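This report describes selected side-chain contacts of one protein model. The sequence and the structure are shown first, and the description follows.

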Amino acid sequence: QVQLVESGGGLVQAGGSLRLSCVVSGLPFSNYAMGWFRQGPGKEREFVVGINWNEGRYYADSVKDRSTISRDNDKNTVYLQVDSLKPEDAAVYYCAARLHYVSRGPEWTYWGQGTQVTVSS
């Protein structure tokens, strides 16, 4: 059974930073691309950032200068750090997995349950 479990969400002040983690089990993690998506209130789910199995990274324009995705294959974990948070970063953040390569669309095989990030101004 594949599981993706996010953590690290919560209330953060505008201008601050957040670091989310996603622990994966039940699949050969090192062979999978990992991604982060988010869905704000009244909005569609959108791609934030992704990392290929071979460490290629892709960022949405909205976060590319202030975010970092990384992975630890020994811990089956992917991390997302976002700095200089803005109110529009508030959303439910989802971790996702698909074989090998990142897609900016919704074509991901496995999804986590999401973690809420609230940004106070």
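Phe37 and Trp108 are both buried, where buried means under 20% relative accessible area, exposed over 50% and partly exposed in between (1.4 Å probe, protein chains only). The model is a predicted one, in which local features need pLDDT of at least 70, side-chain atom pairs count only at pLDDT 80 or more, and totals for chains, interfaces and linings use all residues. Residues are numbered from 1 along each chain as its sequence is written, and side-chain values use heavy atoms, with hydrogens and water left out.

**Aromatic contacts**

The structure contains four aromatic pairs; rings of Phe, Tyr and Trp (its six-membered ring) pair if their centres lie within 6.5 Å, and planes under 30 degrees apart count as stacked, over 60 as edge-to-face and the rest as tilted. A pair of aromatic rings is described by the distance of the centres and the angle of the planes. Two of the pairs are listed below, among them one that involves Trp108.

| Pair | Distance of centres | Angle of planes | Class |
|---|---|---|---|
| Phe37 and Phe47 | 5.6 Å | 80° | edge-to-face |
| Phe37 and Trp108 | 5.7 Å | 80° | edge-to-face |

Phe37 lies in strand β4 (residues 32-39) and Phe47 in strand β5 (residues 46-51), and their pair links distant parts of the chain, ten residues apart. Strands (E, at least two residues) and helices (H or I, at least four) are DSSP runs numbered from the N terminus. The relative accessibility of Phe37 is 3%, and that of Phe47, also a buried residue, is 8%. The pair of Phe37 with Trp108 spans 71 residues, with Trp108 placed in the loop between β9 and β10 (110-111). One aromatic cluster is formed by Phe37, Phe47, Trp108 and Trp111.

**Disulfide**

One disulfide is counted, defined as a pair of cysteine sulfur atoms within 2.5 Å. Cys22 is joined to Cys95 with an S to S distance of 2.1 Å. Because the torsion about this S-S bond is about -80°, the disulfide is left-handed. Cys22 belongs to strand β3 (residues 18-25) and Cys95 to strand β9 (residues 91-99), so the pair ties together parts that are 73 residues apart in sequence. Cys22 is buried at a relative accessible area of 0%, and Cys95 is buried with a value of 0%.

**Charges over rings**

A charge sits over a ring if NZ of Lys or CZ of Arg is within 6 Å of the ring centre and within 35 degrees of the ring normal. The charged end of Arg19 is placed over the ring of Tyr79, 4.2 Å from its centre. Arg71 lies over the face of Phe29, 4.5 Å from the ring centre.
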